[in-house]
Amino acid sequence: MTHSDLSIDLGFCRLKNPVIAASGTFGYGTEFSRFFDLNRLGGFVVKGLYSTPRPGNPPPRLVETASGLINAIGLQGIGVKRFCQEILPQLQDLDTAVIINVCGSHEEEYAAVAEHLDGFEGIAAYELNVSCPNVSTGGSCPALDPEATHRIVSLVKKSCRRPLITKLSPNTGKIIEVAKSAEEAGSDAISLVNTFLAMAIDAKTRRPKLANVLGGLSGPAIKPIALRMVYQVAQEIRIPVIGMGGITTSEDVLEYMIAGASAVEVGTANFVDPEAIPLIIDELDVYCQTHNIERLASLTGTLAPL
Amino acid sequence: MYSAILFRTIFGKTMRKDPQARILHKQNWGDYFILALESPRITSEAHPGQFLMVRVGETSFPLLRRPFSIHAVQDNALEIFFQTTGLGTRQLSLKQEGDRLDILGPLGRGFNLDIEGSTPKAALVGGGRGIAPLYFLSESLRLQGVSATIYYGGRTVEDLPLRKKFLAAGYPLHCSTEDGSYGFKGLITDHLIQDLKQNPADRIYACGPDGMLKRLAEISQEYSIPAELSLEAIMGCGFGACWGCVHRLKKDQEIGWQKICEDGPVFPAEMIIWEKE
């Protein structure tokens, strides 16, 4: 069987296929090597890293809702230094794009994390997490505001040597403005969307179902809204768009690409089926062959008139 | 020290997905169910205290798999024992013999079976549906020459559907109900304390509600009996990727949120930090 060309050129980085595992849903990557060869992935984004370890939020941290999952993990993690010592060496020989999700509780911390990572090899790009809703009360984050996003992106861009993907939040009415300001500040790509600020209540006890009260909604429930945002943003910027939100099948991937995404990230589906991404990649290959598509990348931004 | 089998599973090398595990038989008592699932490889690698993540439907609602501890293993099949408490378990309870289930397992770190002494004795304490892993455990302990006494508590007699199964297998069984409808009237932990005087144990193994486990951690200290407690949690993935199922634990002298799915679900009692009430 001949294979179709699934590869994607993001300009700063070439991917084997458009499917990237999303940050926060793929651990540090090693959790999934028990299930499949990580080299099959277009790439993966490791769980967000701060300069120091973070304890995370108290439980309950998860609640399932209709076709969705609300999480308030609180970016628990080992910090960038331990990551570089203990985990990164296990990832450096992989033949797939290893992307690091870079976090900060203030602007300088983002730059400090990126600078530390700059000292190590085997990393394709940084994804700037300016959009996690779970780490401060009320769900605020820099990606709600074009100016705050601009400041962080330009600061990190100046101080680090690797391509930057800025990950946007859907919890703003100004997503196009935020995307444009990230582009102006030098971001090499945009990824969207992070989770939707959400909550769930136990009506019997009148208590919130999450200890953090608020969390981020992901999963198939958010796909139509996320797809709309990818479509709107992709029409307004020139840098590549990486689309995500509720992808579970190859058809979802195709929808995002047609809407304007050059590549996609798959998140919550990894929890449901640790082999979700290799299955999606196989389906994409079959799709291209059945429909005589030589290069999958040619689908990007090809929404046809009704 | 943990056994060689456990050492392997700590690193998860044996975990796998079986998308086509066939339901061989089904048993039901009120809200409680047993499903026997044919899955030769997962069965052969299972250790008591480990669990499965089971996909209960084909669609996106419910979205996540549900965790179930391994209740029993026999030949090529393993059993799960569960109570219908929500949408996921209700859907699962509707499955019939011959249906196939998508399962992941065996997951997590199970019970440490090594007990010192020439004729070691273990007290196995199950609260309600928490009895689930203790059958597999009692059968494995028997193979190691450990004599197991079962303490099985519930709110009412309806919560003790497995009492005949343990009796038929020949285990000494002590039951309690909060309403006095069967056995000792009161909490199983009080029943245990009463019985420990005549029937001392070298190890406590338990699974059940947090209140019961917390009391057993105190009993473990008071009576100087090491205890291994299996925690229950809402889980996102079951294999360490989502960080959703944490509990406060003491590990390497540090206290923090640790993953129940990967570091547990079974922990030595002294590792578990209980929240103040």
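Reply: **The lining of the largest cavity**

Four strands of chain A, namely β4 (43-49), β6 (68-71), β14 (215-218) and β16 (263-266), each supply at least two residues of the lining of the largest cavity. The model is a predicted one. By composition, the lining of this cavity divides into 17 polar, 15 nonpolar and 3 charged residues. The count of cavities of 30 Å³ or more comes to 2. For the largest cavity, the volume is about 490 Å³. Its lining has 35 residues, and those closest to the centre are S23(A), T25(A), N71(A), N194(A) and T195(A). Of these, N71(A) falls within the span of β6 of chain A, residues 68-71.

S67(A) is located in the loop between β5 (62-65) and β6. Although S67(A) is not a glycine, its phi is positive, at about 50°. S67(A) counts as buried because its relative accessibility is 17%, and the cut-off for that class is under 20%.

Q253(B) sits in the loop between β13 (246-251) and β14 (254-259) of chain B. Its relative accessible area is 70%, so Q253(B) is exposed. The cut-off for that class is over 50%.

One joins G105(B) to P106(B), with omega at about -10°. P106(B) belongs to strand β6 of chain B, residues 100-107. Another joins G264(B) to P265(B), with omega at about 15°. P265(B) is placed in the loop between α8 (260-263) and β15 (266-268) of chain B.

Helix α6 of chain B, residues 188-196, is mostly covered, with 7 of its 9 residues buried. The buried residues are I188(B), T189(B), H191(B), L192(B), I193(B), D195(B) and L196(B). Their cover includes the strands β7 (121-127), β8 (147-154), β9 (173-177), β10 (184-185) and β11 (203-207), together with helix α7 (210-222), of chain B.

As a whole, chain B contains 15 strands and 8 helices. Of its 277 residues, 60% count as buried. Its radius of gyration is 18 Å, which agrees with the value near 19 Å that a compact globule of 277 residues would have. Taken along the principal axes, the box filled by the C-alpha atoms of chain B is roughly 50 × 45 × 40 Å. Among the contacts in chain B with a separation of 6 or more, 65% come from residues 24 or more positions apart. The accessible surface of chain B is about 11900 Å², and carbon and sulfur atoms hold 49% of that surface.

Key
Residues are numbered from 1 along each chain as its sequence is written. Chains are lettered from A and ligands numbered from 1 in the order in which they are written. This is a predicted model: local features need pLDDT of at least 70, side-chain atom pairs count only at pLDDT 80 or more; totals for chains, interfaces and linings use all residues. Side-chain values use heavy atoms; hydrogens and water are left out. On a 1 Å grid over the protein atoms alone, a cavity is a set of points where a 1.4 Å probe fits but cannot get out, and a pocket is an open set with protein on both sides within 12 Å along at least five of seven lines; lining residues have an atom within 4 Å of a point. Grid points are joined across faces, edges and corners, and a volume is the space filled by probe spheres set on the points. Ala, Val, Leu, Ile, Met, Phe, Trp, Tyr, Cys and Pro count as nonpolar, Asp, Glu, Lys and Arg as charged, and the others, Gly among them, as polar. The radius of gyration is taken over C-alpha atoms; the globule rule is 2.2 Å times the number of residues to the power 0.38. Buried means under 20% relative accessible area, exposed over 50%, partly exposed in between (1.4 Å probe, protein chains only). Contact means heavy atoms within 4.5 Å. Accessible areas come from the Shrake-Rupley method with a 1.4 Å probe; for residues, only the protein chains shown count as cover.
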